[in-house]
Amino acid sequence: MNKVDFKQQVYDIISQFSGQNNVITINTVYVDFTGSVESALLLSQIIYWTDRTTREDGFFYKTDDEWHKEIKISKYSIRKARKKLESMGFLETKIKKANGSPTVHYRLDKESFINSFISFLRNRKIEIANSQNPNCENERTLTEITTKTTTNIDDDKSEPINEISREEKVECNPIAEFEKAFGYLPPHILQQEFEQIIESGQFQEPEAIIVEAIRLARKQMPRNPARYISSILRNFEFMGLFTLDDVKEYNEMFEQKRKQPPRRRQSPTEINWDEL
């Protein structure tokens, strides 16, 4: 079975439990996927109507009034949910005339949606594990200390030797960290960039470095987090910061410099002319 057939089968299954006409249904997995009931409800109905559009370009249109009558949420919630789904990278909207009035047209990018949804399902267990360890710190198994006593036959003295075995495992998941920081999964194009960085082997501890970039972006709360994070990662590469220690050291220096009060320029009357 090729990828296209597999993804189409996945989408067919999804569409079977997505939305109905005159009946409000919502699968709880959509709530986890989008981060809110309103966004999940709108997504469910968009999938429902996407399968019923007859237009070749895949668009269908609905006014906010029609959405309100259909899914019984406020117009403000509809607009907010629409922006959320757009930011997730798989919903395209355009304002075109319909019945003589400007109306929002919707098109679901099925492939982007399926990729994001499959990725979400695959990472769900990891996200649950990371939610128990939100700081993404090193998880260490209990240190096993075995004390062996050897006897020196010549002087008949016992010398204890401590053998320490320590296993460390770093649980850092960039996708889960992005969702925790911004409330939705990263767009598919950013997920691909994460995968390329991890597979390239250029960075040591690439997952941890990506998580560090996400946390830096979270502090700034940019309008486009994905683009901002991508820029941070490119800057790391440009400056030759290929290890987590290098990245953290640079960030600490930057923070200290940023917190320093601006230097006050001396006026000519404050200059000690005798020192010149």
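Guide: Gladly, and please keep in mind that this is a predicted model. A place to start is Asn115, which is found in helix H6, spanning residues 110-131.

Visitor: Why is Asn115 called buried?

Guide: The word buried applies to a relative accessible area under 20%, and Asn115 has a value of 15%, so Asn115 is buried.

Visitor: Which residues is Asn115 in contact with, once its neighbours within four places in sequence are left aside?

Guide: Those residues are Lys7 and His188, where contact requires heavy atoms within 4.5 Å.

Visitor: What makes Phe113 and Phe236 stand out in the largest nonpolar core?

Guide: Within that core, which has 58 residues, Phe113 and Phe236 are those with the most contacts. Beyond its neighbours within four places in sequence, Phe236 is in contact with several residues, among them Phe203, Ile209, Leu216 and Val247.

Visitor: How do you know that S1 and strand S3 pair?

Guide: Pairing asks for at least two bridges between two strands; S1 and strand S3 (residues 101-108) are joined by 2 bridges, and they run antiparallel.

Visitor: Why are strands S1 and S2 said to stand at the edges?

Guide: The open sheet has 3 strands in the order S1-S3-S2, with antiparallel pairing. Strand S1 (60-61) and strand S2 (91-98) each have a single partner strand, so one side of each lacks a neighbour in the sheet. Helix H3 (residues 37-50) packs on this sheet, touching S1, S2 and S3, and its direction makes about 90° with that of S3.

Technical notes:
Residues are numbered from 1 along each chain as its sequence is written. This is a predicted model: local features need pLDDT of at least 70, side-chain atom pairs count only at pLDDT 80 or more; totals for chains, interfaces and linings use all residues. Side-chain values use heavy atoms; hydrogens and water are left out. Helices (H or I, at least four residues) and strands (E, at least two) are DSSP runs, numbered from the N terminus. Buried means under 20% relative accessible area, exposed over 50%, partly exposed in between (1.4 Å probe, protein chains only). A nonpolar core is a set of buried Ala, Val, Leu, Ile, Met, Phe, Trp, Tyr and Cys residues joined through side-chain atoms within 4.5 Å. Axes are lines fitted to C-alpha atoms, for helices over the stretch in contact, and angles run from 0 to 180 degrees between N-to-C directions.
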